[in-house]
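Me: I have a model open and want to go through it piece by piece. Can you take my questions as they come?

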Amino acid sequence: MIFAAHESCVIVIGAGMTGIGAGYYLGAAGISYTILEANEDLGGVWNTHRWHGVRCDSDFIKYSFSFRPYLSPHCLQSGATIRNYLRDVAQEFSITPQIRFNTRVLKAVFDPAKHRWVVHTDRGTFSAQFLFNGNGYFSEEPYIPVFRDSAKFKGEIIHTSNLDGSRTFEGKKVVLVGSGSTSICCAPELAKTAQSLVLLQRSPSYIYEITNRAGPLILLCQNLYRLGLRAPVRWLRSYLQFRDDVIFVGFRRFPLLARRFFRRHWETTVGEDELRAHFSPSYDPWEQRIAVAIGLKEKLRDGAITIKTAPIERFTGTSIVLTGGDSIDCDVCILATGLNLRFFSFDVYVGDAKIALARINFYKGLLLGGIPNYFHPMGSWHSAWTQRCEPLTRLAVRIMMHMKSRNLAVVSVPRRDIECRPGITPNYVIRTLATIPRLEGTTNLPSIDNIFCTRFRAAAYHFS
Ligand SMILES: Cc1cc2nc3c(=O)[nH]c(=O)nc-3n(C[C@H](O)[C@H](O)[C@H](O)COP(=O)(O)OP(=O)(O)OC[C@H]3O[C@@H](n4cnc5c(N)ncnc54)[C@H](O)[C@@H]3O)c2cc1C
């Protein structure tokens with residue numbers, strides 16, 4: 001059965017941050033839309049990730065939507081706060097009624113004769129002129145490495161994706177495996193109740209500790225916003241983005257200075273040997289996302305958290321043995337080993353032809369080569385997602401409005417073969433390097449892209 005999304009001009013897939021942002025801009029432009037969401041609630045990763053200490057590591061005044069900045073004396077916000085924020089936004093801008101929950105998209109087919117998408121779901125079929133994909137970029141199944149003899153382990157091994165933050169590990173010897181953002185957020189929370197907590201990383205990593213108190217400039221801009229002056233928060237967001245981009249480019253260009261910066265950041269907390277063993281990676285700063293810590297230094301100083309750096313050799317019944325011979329007693333092993341990248345959670349067809357999505361060109365991080373009337377905004381790797389996703393959503397809406405005003409039916413960009421140059425190369429990118437979409441038409445720096453690349457120029461697209 002084909003559902004009444006006939007009346008909707010756009011089908012949005014996913015009610016995470018991207019889908020909710022799309023709902024706002026489509027609604028503001030008077031374009032009808034339906035959001036199809038596989039889960040029973042909105043929020044995307046901020047709904048599904050419930051582990052201890054889950055939070056963002058981008059300043060939330062910048063990561064929250066520009067049309068509804070989140071004001072707070074804290075820079076970073078917990079997963080629960082972000083979840084509630086997204087619910088409030090969806091409610092306030094009448095987005096919630098447009099969401100069809102528990103509806104998973106299985107296949108999307110563009111009909112070249114009718115110039116419409118037919119979207120097949122587990123709850124029937126929907127149709128619309130445009131498809132706007134906000135299906136996120138992480139697979140639902142976490143990345144779980146295989147460890148030798150893990151079946152012999154008598155304790156519990158659990159991945160953070162399956163961990164509920166309300167669980168306590170009182171009296172347990174916990175080993176937290178991983179050194180990315182997840183483990184750095186999770187560790188101080190787990191250490192509050194665990195008998196002991198070992199943060200076990202395979203190799204050293206860069207970690208930056210903050211106090212999480214908003215500085216005077218942020219507080220001033222927020223107070224002016226509360227008084228009705230919107231511009232200062234707008235400038236602040238641009239400034240914070242510019243600062244992120246300068247740090248990113250500066251660290252990549254001057255790695256020795258960047259390494260010294262991290263050295264100084266940690267040398268007052270840990271000794272020379274620990275600095276070398278745990279905080280001096282072989283890669284340069286910002287080759288991978290830098291984890292932001294709150295309260296980690298204090299927990300390291302008072303011994304509530306211990307760091308170990310070595311690959312796991314094998315498990316025994318009661319411990320984890322590291323290459324090099326060290327052994328860590330363990331009751332619970334929590335894997336913060338990350339997620340797998342997955343850009344498409346359903347198959348895409350144009351007519352009868354199934355589109356090979358591997359290595360597809362991703363024009364400006366918005367349109368995919370050879371797929372008509374399809375938008376898929378991609379945030380930036382090194383900064384807050386919304387800083388690029390929101391301008392791209394506005395660009396998509398501008399393209400739709402342009403087409404409406406000229407009675408055009410189809411927009412596309414050509415498929416091309418291009419090299420893959422990811423902005424950063426963490427393990428989850430490396431694992432999928434051969435297949436991930438290839439970005440083109442962007443500098444990967446939102447401060448610059450938002451001035452030049454996300455402007456609408458009709459000549460850049462094929463219309464018919
Ligand atoms: C723990 C964690 C912390 C993070 N911290 C930051 C941060 O500090 N800064 C930052 O910029 N980014 C951060 N991110 C990245 C985050 O993924 C993005 O910022 C952003 O939230 C992505 O939103 P999204 O809506 O595109 O995707 P998601 O949040 O993944 O939402 C996608 C939605 O689409 C739905 N969906 C998927 N497939 C289908 C289908 N076939 N049919 C129907 N519905 C479907 C899903 O159920 C989900 O609700 C973090 C991610 C995680 C997991």
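Me: Which residue is the bridge partner of Lys173 in β11?
Reply: Ser196 is the bridge partner of Lys173. Before going on, this is a predicted model, where local features need pLDDT of at least 70, side-chain atom pairs count only at pLDDT 80 or more, and totals for chains, interfaces and linings use all residues. Residues are numbered from 1 along each chain as its sequence is written.

Me: How many bridges join strand β10 to β11?
Reply: There are 5 bridges, and the strands run parallel. Strand β10 covers residues 173-177, and β11 covers residues 196-201. Strands (E, at least two residues) and helices (H or I, at least four) are DSSP runs numbered from the N terminus; two strands pair if DSSP finds at least two bridges between them.

Me: Why is β11 largely enclosed?
Reply: Because 5 of its 6 residues are buried. Buried is 20 or more other C-beta atoms within 10 Å of a residue's own, exposed is 12 or fewer, and partly exposed is in between, with C-beta atoms placed from the backbone.

Me: What is Leu197 in contact with, leaving aside neighbours within four places in sequence?
Reply: Val174, Leu176, Ala187, Leu190, Ala191, Ala304 and Ile305. Contact is C-beta atoms, placed from the backbone, within 7 Å.

Me: And the largest nonpolar core, how many residues?
Reply: It has 112 residues, and Ile11, Leu176, Ala187 and Leu197 have the most contacts inside it. A nonpolar core is a set of buried Ala, Val, Leu, Ile, Met, Phe, Trp, Tyr and Cys residues joined through C-beta atoms within 7 Å. Helix α11 (residues 385-405) gives the most to this core, 9 residues.

Me: Where does Pro255 sit?
Reply: In helix α8 (residues 255-267). Pro255 and Gly136 are 119 residues apart in sequence and 31 Å apart in space, C-alpha to C-alpha.

Me: Is Pro255 buried or partly exposed?
Reply: Partly exposed, with 15 other C-beta atoms within 10 Å. Leaving aside neighbours within four places in sequence, Pro255 is in contact with Asp284 and Pro285.

How values were computed: Two residues are in contact if their C-beta atoms, placed from the backbone, lie within 7 Å.
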